[in-house]
Structure formats: structure tokens, C-alpha cells
Amino acid sequence: MSLNLSIDPLTRVEGGGRVKIEVRDGKVKDLQFSTTTSPRFFEFLLLNKQAEDAPRISERICGICYVNHHLVSVKAVEDAWGVEIPPTALMLRRVLNAGSFVTSHSLHLAFLALPDLLELEELNFIGLAKKYPDLAKKAIQIHEYGNRVVQEIGGRVVHPVTAVPGGMTKALTGEARLNLLVEGRQALNNVRSLVELVLELYEKRINDPLEYMADETPHMGLVRDGKHELYDGSVRAKGKKGEIIHEFKPKDYRNYLEEAVSDHSFTKLPYLRSEGYPDGAARVGPLSRFNVMDSMPWTVAESYLKDYEKLFRRPTHDTAAYNLARAIETVAAAEECIHYLSDDQIVSTDTRVPVKSKAGEGVAFVEAPRGLLLHNYRIDEDGLIRYVNIIAPTTFNHPNIERNLRLWAEAHIDELKNEGTRDRALWGIEKIVRAYDPCLSCSVHTIETDLVIDGEPCSIRRFG
Amino acid sequence: MAKILIAGLAGDSGCQVATLALHEKLLQILSENELVYASTLIDAKQIPEEVDVAIIEGGIRTEHEKHLAEEIRKKSKTVITIGSCACFGGIPGLANLEEGGELLKKVYAELEGTVEGHLPVHDTLTNYVAPVGNVVKVDYSIPGCPPEIDDIAYVLTTLLEGKVPLLSKSDVCDDCKRERLGTYKTAAKRLHESIPDPDRCLLEQGYLCMGPATRGGCGAPCPAAGHTCDGCRGPTEKNDDQGLTMLDALVSLANELGVNLSLPRHSGSIYRYTFASSRIEKLLRERFKI
Ligand code: SF4
Ligand code: SF4
């Protein structure tokens with residue numbers, strides 16, 4: 001007996017994607033998770049462009065992580081040119097990055113994930129707004145706040161413009177700063193009620209361990225002095241058993257990361273060199289950041305971390321923890337905005353230094369809401385880009401999402417086979433995909449394919 | 001009660017994200033109308049048979065997207081393209097310096113760190129990125145990368161009221177608060193090299209600001225934030241080719257351009273969003289049969 005199931009398109013996720021499952025003789029024979037957003041070849045189209053334009057061009061890779069692409073791109077160019085930016089510029093960028101987490105996380109929670117967690121009859125944000133208008137209002141205020149931060153500091157709500165090599169082109173006015181502070185405190189209060197709701201939902205349901213599942217995998221994320229970090233710092237990797245296996249500086253990434261190329265999905269599959277493929281395919285994102293850090297640098301977020309630890313071990317491999325970690329990170333991001341906005345230095349007009357372009361190579365990481373993001377450029381003596389490598393978070397997560405789904409499908413095979421329970425089981429699959437908050441337009445060099453090669457091993461090649 | 005569809009093709013969902021920033025206004029529009037398809041927001045898996053207003057984001061990069069655009073056109077009374085990818089090809093159109101098969105080779109086989117000679121089989125890739133209007137008839141366009149949130153609200157509500165929305169006829173300089181004195185530097189400056197005077201026109205200071213060649217209506221937020229306009233709203237009402245308009249403006253401003261134009265490099269400046277719908281790109285294709 002053979003049965004082909006597909007979820008096409010995956011909905012309430014960013015960008016286009018689909019899942020195909022082939023069941024034969026009562027077993028999951030094949031399961032594929034693929035993105036259907038067409039490839040847009042950013043690694044080609046950035047070539048020969050002026051390096052200072054990269055932050056504005058490359059942010060079009062993703063309509064949700066644009067702030068993070070904008071910032072990692074400027075950092076990579078600055079790394080190549082050996083630029084130090086003024087302290088105010090650094091503070092502005094930190095707030096900008098944190099603001100993007102507020103927007104993106106609240107969007108994901110309220111618009112995409114909460115309808116599932118609340119098991120709404122109308123499974124979407126419109127349904128949420130009807131049934132819980134107060135909650136929807138709060139979610140909108142939080143989302144709006146993140147947008148306001150990006151607009152004030154980045155110059156535009158979507159696709160900001162202000163990060164240039166050497167700093168930021170726009171200073172924050174005293175008035176804008178005060179408004180952002182007042183609105184930020186309100187947003188923090190609203191995020192707290194959102195987190196408490198999510199906590200409550202988790203406490204009720206946590207006895208269902210099979211709900212999301214996942215393999216033991218390594219995890220990767222930024223830390224600064226061991227603490228949770230979104231903008232800078234070093235990359236920490238923990239192994240399957242939770243032990244720290246590496247902590248490396250961005251410029252050394254080639255010593256630690258390699259990319260495999262899968263024969264069936266044509267996604268590049270980055271993995272930790274020391275662990276090999278597939279064991280070294282690390283997960284990234286809120287859950288992974290919670291796994292790799294020692295503690296939170298912000299007090300409110302730190303107190304919620306204690307609640308989280310009552311429900312999940314740290315590190316945990318359970319994909320169900322993604323949504324709760326995401327909610328708590330929204331608190332951390334709002335606190336980070338408030339922290340820097342409270343510092344008088346943020347309104348200094350000393351936000352830029354002029355810089356000279358020169359030949360060189362630059363590497364930078366930031367955390368995007370969905371996980372670790374890398375840009376690596378080589379720039380020539382005219383300041384033109386000659387080589388580009390970009391690894392987006394969903395590229396890291398892609399093989400793990402597929403394995404996670406397979407594991408879950410195997411455990412729920414009867415429900416998938418039985419027509420009466422099938423819809424609910426397929427919904428379960430979608431919930432797992434959604435928990436990762438994959439950004440399918442973001443997976444820069446991932447492309448769709450229908451080619452199935454059973455059991456073909458992946459080819460592996462080292463960098464350079 | 002109009003049936004509304006939102007579909008994303010070769011773009012980055014940024015226009016849909018901008019649309020979400022309408023918040024209460026969006027909820028209001030959606031409560032008075034019916035959202036029948038929008039894969040980022042609701043769970044409908046199929047394009048319904050009858051649609052009143054279809055909003056398409058993203059250009060055409062694959063055969064699949066071409067068919068999708070055709071299917072949507074067939075089933076919809078009104079088709080709106082939203083954003084510069086759908087309207088002009090957008091930034092993905094910068095890849096049109098190579099044809100599809102070559103791109104696959106370059107990014108999958110020749111880029112350092114990938115497997116040599118290992119090419120993905122992707123028969124549905126089109127040779128070039130095309131604006132949606134090259135494939136099907138488009139009734140209205142909302143350009144911008146992404147469009148201003150107010151523009152999206154205005155076009156939607158005007159259409160739903162049964163009226164005809166009109167785009168701004170001004171250019172970005174008309175919106176810009178920077179002062180123009182009519183004197184120009186001849187040498188082009190790059191923005192990271194020096195810090196521009198905050199009040200004076202950027203172009204007059206020697207920075208390549210696309211304001212004169214770009215459709216206004218955005219309020220010129222980029223020059224206000226200390227950066228150049230990079231032309232995200234595409235050509236103005238009077239001109240169809242943004243890059244040529246800009247060159248024309250440059251030549252008439254300064255006798256001497258001071259730059260040797262090269263397409264791989266300068267397409268990223270004067271055609272950042274509109275290369276796929278430019279005359280130069282058409283010429284190149286005819287001349288070199290690429
Ligand atoms: S060229 Fe740029 S800076 Fe000058 S007026 Fe036009 S938009 Fe403003
Ligand atoms: S100023 Fe130019 S780049 Fe900025 S939003 Fe307006 S048209 Fe787009």
C-alpha cells in the first residue's frame with residue numbers, strides 16, 4: 001500500500017514552502033520539506049556592486065529579517081575595511097536590531113502561532129481578533145512599537161536605509177527618543193501579558209511530550225560573555241548532549257563550519273565540521289539561543305527564564321520550546337530597546353565617521369529572529385564586491401526541520417493513514433514547521449525540486 | 001463584500017509585511033470584505049474560482065510563477081501588482097545580466113564551498129526575471145520597495161469603493177526638503193567617504209541620489225534620513241526608463257560625468273529596481289542573444 005500526502009502550500013509561514021510525505025507498507029518512506037520561493041541569486045547579483053550599497057541591496061533577501069540583513073551586511077563591509085564606528089552608532093544599531101525582534105516575534109506569535117496554541121475555530125489572526133480582541137490589540141501595539149523603532153532609527157518601516165560603513169546616517173532626536181521610551185515601556189507591559197498567556201497555555205499542555213518532538217541536535221547562537229546576545233559577540237555551539245563544543249569569532253567561521261550539498265533538495269546544508277554531516281547540522285533560533293546561553297542580560301527576561309526552566313530543561317531538544325523561548329525573547333528585546341534608549345548618549349549627533357574603501361575580506365554574524373545569520377564578502381581595491389557567501393537561519397534549520405517532521409510522522413503514522421484523523425495529523429506537521437518560524441524567502445540558496453533520490457548520500461566539500 | 005486574494009511570487013514578502021503594518025485599518029478592510037487566499041495569513045490552499053481583487057507581490061522567475069499569475073488573472077476581476085518586484089522586476093532583476101541556466105551554474109557549482117559540477121535540476125526556472133505585467137494584464141500598480149503603507153491603504157480602499165486610484169505624478173525631489181542651490185560638484189562621491197551637509201541637496205553635493213528620476217509620493221524618507229534615494233519607486237509618470245532618465249539628468253547637471261559607466265557595477269545604482277524593465281536590458285538581450 002502506498003500513500004502520497006502533501007501540504008502545498010504550507011500556510012501561515014513566510015515565503016512559499018511545501019511538505020511531501022510518501023508512506024509505503026505502513027512506513028514513512030520519504031518525507032521532503034522544501035521551499036518554493038524562487039531563487040533570486042543574491043550571491044550573484046551583489047557581485048561587482050559597490051560594497052557600501054550591499055546593506056540596502058541584500059536586505060531585499062527577506063521581507064521580515066530585512067533589519068538583520070541590513071546590519072550584518074554593513075558589519076561585514078566594516079570588517080573588511082577595518083572600521084570602528086562611534087559608540088552612539090553601535091547603540092542605535094543595537095536598538096534597531098532589538099526592535100526588529102519585537103516586530104518579527106510578535107508577528108509570528110500573534111498572527112501565525114497563537115491561533116494554533118489557542119486552537120481557534122478560525123485558525124488565523126482574523127479569528128484571534130474576533131475571539132480575543134484585547135489580546136489582538138496588545139499584539140498590535142507590540143508589533144507597532146517594533147515598527148516605530150525601525151522607522152525612527154532606520155529611516156523606513158520596512159527596508160531601512162541608515163546603516164552605512166562607518167556608522168549611521170541619522171541621529172535620533174530627543175523627542176523621538178522620549179516617545180520611543182514611553183511606547184517601549186507600554187510595549188514591555190503588553191509583551192509580559194503575552195508571555196504569561198503563552199506560559200499558561202504551556203503549563204496546561206506540557207504533558208503531551210510527543211506533540212512537537214525532535215532529534216538530539218547541536219545548537220548554535222551568539223553569546224556575549226556567555227549571555228544571551230542578538231547583535232554581536234561570538235558564536236557558541238553546543239553538542240547533542242549539551243556540552244559546549246566551540247566558541248569562535250566570526251572571522252574564524254571557516255574553521256568550524258562547512259556546507260554540504262544535498263542531492264535531493266539542492267539546499268546548501270551547513271554543519272559543524274568537527275561533528276561531520278549530518279550529525280553536525282546544528283539548529284538555530286530562539287530555542288537554540290536559549291540552549292547556548294548561560295543567562296539573560298535583562299532582569300524581566302531573566303525572571304521568565306526561570307519559568308521556562310520549570311517546563312523545559314536547558315538545553316532541550318523539544319521543538320515545542322521554540323514558541324515559549326520566542327515569547328520570552330520578545331521581552332528581552334523590548335528591555336534592550338529601553339536600556340539603550342535610557343542612555344543619554346543615544347541622542348548624540350556623532351553617529352558616523354567617514355571611511356575609505358580598500359581591498360579585504362569581511363565576515364559578520366548577527367542573530368536574526370529565526371537564528372544565526374552570516375554574510376561574508378570579499379571586496380577589491382575599488383570597493384567593489386567580488387565574492388559573497390550568505391548563510392541564512394532557515395538554511396541552518398532546513399535539514400533539521402525535515403528530520404523533525406519525519407520523526408513526528410513516524411510516531412503518528414496511524415493518524416496519517418486513517419482518513420478520519422489525517423487532517424489533524426497534517427495540522428500537527430504544519431505546527432512543527434511553524435514553530436521554527438522558517439523564513440522561506442530567506443533561505444538564500446535553497447531551491448525547489450521534485451527530484452527524489454532515495455537513500456542517496458550527500459556530497460560534502462570543504463570551504464576554499 | 002469583495003473577495004480579496006494576496007499572492008507572493010518572486011519577492012521577499014516585504015510588501016505583505018508592509019501591508020500588515022496597516023493593523024486596525026487592515027482588520028477593518030478584512031472584516032468588511034473576505035480574504036479568500038493569502039498563504040502567509042490564512043490556511044486556504046487553493047486559488048478560488050472567483051476573486052474580485054487580486055494583489056500580486058513579486059515578479060516572475062519560474063514557469064510555476066508564470067502559470068500562477070495566469071491562473072490568478074483568469075479568476076480575478078481586478079489585478080493589482082504591489083511593490084517594485086511585481087511592477088518592474090525589482091532587485092532580483094539585477095540578476096538579468098546572466099540567463100537562468102548560467103546563474104544556476106555560477107551559484108551552485110562555481111561559488112566557493114559548493115560541489116563542483118553538481119548542478120541542481122531546475123527545469124522551471126525562467127531565463128529572466130520579468131515584471132508581472134509582461135505576462136498578464138495588470139489593472140493597477142503600487143510601486144515601491146515596499147510601497148508606502150498609506151499608498152497601500154489608499155489604493156485598496158479607493159478600489160473597494162469602486163473608484164479609480166491615482167499615483168503621485170511628482171518626482172522624489174518634489175517631496176524632498178533638502179535645499180537646492182543650482183550649483184553642482186562634478187566628481188561623484190560615494191556615501192561612506194564623507195559626511196554630507198544635512199540640509200543641502202545630495203545630488204548637488206555629488207552623491208548619486210536618484211530623486212530626479214524616481215516617482216514621488218513617498219515623502220522622500222531616505223534623503224531625510226541622510227541617505228540617497230536609491231529609486232525604489234521606479235520611473236516617474238513622464239519617463240519609462242529610470243536609468244536613462246537619471247543619466248539625462250546627470251549630463252544636464254554637470255558637463256562632466258566623472259564616471260566610466262559599467263553595467264555590472266552601475267546597474268546597481270541607476271537601475272537597482274528596474275533593470276528587468278529597462279531598455280538597456282532589452283537591447284543587451286537582442287544584441288547578444290542572452
Ligand atoms: S536629488 Fe535627492 S537630495 Fe536632491 S532634492 Fe532630489 S531627492 Fe532631495
Ligand atoms: S526616497 Fe527613494 S528610495 Fe526612499 S522610499 Fe522614496 S523612492 Fe524609495
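Which residues of helix H10 (residues 263-270) of chain B are buried? They are B:His266, B:Ser267, B:Gly268, B:Ser269 and B:Ile270. Buried here has a cut-off: 20 or more other C-beta atoms within 10 Å of the residue's own, against 12 or fewer for exposed, with partly exposed in between, and C-beta atoms placed from the backbone. Helices (H or I, at least four residues) and strands (E, at least two) are DSSP runs, numbered from the N terminus.

Before going on, some ground rules. This is a predicted model, where local features need pLDDT of at least 70, side-chain atom pairs count only at pLDDT 80 or more, and totals for chains, interfaces and linings use all residues. Residues are numbered from 1 along each chain as its sequence is written, while chains are lettered from A and ligands numbered from 1 in the order in which they are written.

Back to H10 of chain B. Its buried residues pack against helix H2 (54-58) of chain A, together with helix H9 (242-253) of chain B. Contact means that the C-beta atoms of two residues, placed from the backbone, lie within 7 Å.

Stay with chain B. Its domain assignment gives domain 1 (3-94 + 122-160) and domain 2 (172-288). Such bounds come from an automatic or database domain assignment. The C-alpha centres of the two domains of chain B lie 27 Å apart. In the contact between them, 18 residues of domain 1 meet 14 residues of domain 2. On the domain 1 side, helix H4 (84-88) and strand S6 (125-130) of chain B are the elements that give two or more residues. That side divides into 10 nonpolar, six polar and two charged residues. For the classes: Ala, Val, Leu, Ile, Met, Phe, Trp, Tyr, Cys and Pro count as nonpolar, Asp, Glu, Lys and Arg as charged, and the others, Gly among them, as polar.

Now the ligands. Ligand 1 is surrounded by 14 residues, and the closest are B:Cys173, B:Cys176, B:Cys201, B:Cys209 and B:Gly211. A residue is near a molecule if its C-beta atom, placed from the backbone, lies within 6 Å of it. The shell of ligand 1 holds 11 nonpolar residues, one polar and two charged. Around ligand 2 we find, among others, B:Cys218, B:Cys222, B:Cys229 and B:Cys232. B:Asp230 and B:Arg233 are also in that shell. Its make-up is seven nonpolar, two polar and two charged.

On to chain A. It has 14 helices and 15 strands. Of its 464 residues, 60% are buried. Take the contacts with a separation of 6 or more: residues 24 or more positions apart account for 73% of them.

What is the order of strands in the open sheet that includes S13 of chain A? It is S12-S13-S14, with antiparallel pairing. Strands S12 (360-368) and S14 (385-391) of chain A are at the edges with a single partner strand each, so one side of each has no neighbour in the sheet. On average, neighbouring strands here are turned by 15 degrees against each other, direction ignored. Pairing requires at least two DSSP bridges. Between S12 and S13 (residues 371-379) of chain A there are nine. One of these pairs A:Val366 with A:Leu373.

Two helices pack here. Helix H3 (residues 66-81) of chain A lies across S12 and S13, at about 150 degrees to S12 of chain A. Helix H12 (residues 393-411) of chain A touches S12, S13 and S14, and its direction makes about 125 degrees with that of S13 of chain A. Axes are lines fitted to C-alpha atoms, for helices over the stretch in contact, and angles run from 0 to 180 degrees between N-to-C directions.

One residue in S14 of chain A: A:Arg386. Is A:Arg386 buried or partly exposed? It counts as partly exposed, because it has 15 C-beta neighbours inside 10 Å. A:Leu46 is 340 residues away from A:Arg386 in sequence, yet their C-alpha atoms are 8.3 Å apart.

H12 of chain A also lies across S2 and S3 of chain A, at about 145 degrees to S3. Those strands belong to an open antiparallel sheet, S1-S2-S3 of chain A. S1 and S2 (residues 17-24) of chain A pair over six bridges. A:Ser6 stands opposite A:Lys20.

Last, a hairpin. S8 (residues 234-238) and S9 (residues 244-248) of chain A are joined by four bridges, antiparallel. Five residues lie between them, and A:Gly242 in the turn has a positive phi of about 90 degrees.
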